[in-house]
Amino acid sequence: MSDRRGLEGKTIVVTRALNQAASLERALRERGAVPISYPCIAIQQPADTRELDAQLSDLARFEVLLLTSANVVTTIANRLQALALDPDWTRIRIAVVGKSTEEALREQLGPAADFIPAAGTGDALARALPIESGSRVLLPQSTVAGDYLAELLRERGAQVSKVIAYETVMGVGGADLPAMIAAGAVDALTFVSPSAARNFTRRCPLPAAKALPAACLGPVTAERSTELGFRVVLAPSVTGAETMLDALDTYFASKIGSDAP
């Protein structure tokens, strides 16, 4: 945890799904900030889990399980419990996109990751993952995920089984954020995924919202936030929740004694 207090008293919006926001809100409070819940995504199980269940029931036939988010980990943990399955994790290599996903892996499934890319992005994971031609890879993803990662892996010779693990939908509830922004009562936003940034612009279409500093978990989310029109986009050099808050801390520290908006 950072010992800096540049976020002291700052009102910071947390756009994560309600069931995943606690750790980020806790980290903000530890830095003296006031977290404001405004969930912009919600994660739900797909209506039909038969394909996912079939793949999990035959997990031993894969050489690699590729996990691109903590949401995937949670879904797999829930389905394994529902199916009363207890995989032998020593028989499969597990690759994760970053530290947050590995933390979820350890907490919810038990094993540590065998591979984490230095850059902490899906692209880096697919390009740097040590695989041999013909390796069987299971890639559980959201309904909003494209084919990019699967195609990259296939270009490298992998046999990729892509399966829908969860649905990403619009979040609801939270604070009356438009009113808070209109009153000047919000200091910054946080986005941990491109979906959260996109859905925020739909839930809160105020032009003033895009003038607020938007702290992003990593480069992919930062790029999407910039495309959406946010004018001050902050991203850490190393993907992660704490480094995201460090970047936000540095931003506010730079404003001390400055007349810059």
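## Lys162 and its salt bridge

Lys162 counts as partly exposed, at 24% relative accessibility (buried means under 20% relative accessible area, exposed over 50%, partly exposed in between, with a 1.4 Å probe and protein chains only). Its side chain meets that of Asp147 in a salt bridge, at 2.6 Å from N to O (a side-chain nitrogen of Lys or Arg within 4 Å of a carboxyl oxygen of Asp or Glu). Lys162 lies in strand 7 and Asp147 in the loop between strand 6 (136–142) and helix 6 (148–155), so the pair ties together parts that are 15 residues apart in sequence. Asp147 is partly exposed, with a relative accessibility of 45%.

Strand 7 covers residues 159–170 and includes Gln159. Helices (H or I, at least four residues) and strands (E, at least two) are DSSP runs, numbered from the N terminus. Gln159 is partly exposed at a relative accessible area of 48%. Leaving aside neighbours within four places in sequence, Gln159 is in contact with Gly134, Ser135, Arg136 and Val137 (contact means heavy atoms within 4.5 Å).

## Basis of the model

The model is predicted: local features need pLDDT of at least 70 and side-chain atom pairs count only at pLDDT 80 or more, whereas totals for chains, interfaces and linings use all residues. Residues are numbered from 1 along each chain as its sequence is written, and side-chain values use heavy atoms, with hydrogens and water left out.

## Other charged groups

A search of the whole structure finds 11 salt bridges. One of them joins the side chains of Asp48 and Arg50 at 2.7 Å, N to O; Asp48 is partly exposed at 42% relative accessibility, while Arg50 is exposed at 63%. Another pairs Arg127 with Asp123 at 3.0 Å, N to O. These two residues are four apart in helix 5 (residues 122–128) and are therefore separated by about one helical turn.

Glu25, in helix 1 (residues 22–30), is buried yet has no salt bridge. Beyond residues up to four places away in sequence, Glu25 touches Val14, Pro35 and Ser37.

## Overall fold

The protein has 10 helices and 10 strands. Its radius of gyration is 19 Å, close to the 18 Å that the globule rule gives for 261 residues, so the protein is as compact as a globular protein of that length (the radius is taken over C-alpha atoms, and the rule is 2.2 Å times the number of residues to the power 0.38). Of the 261 residues, 49% count as buried.

How values were computed
Lys and Arg count as positive and Asp and Glu as negative; His and the chain ends are not counted.
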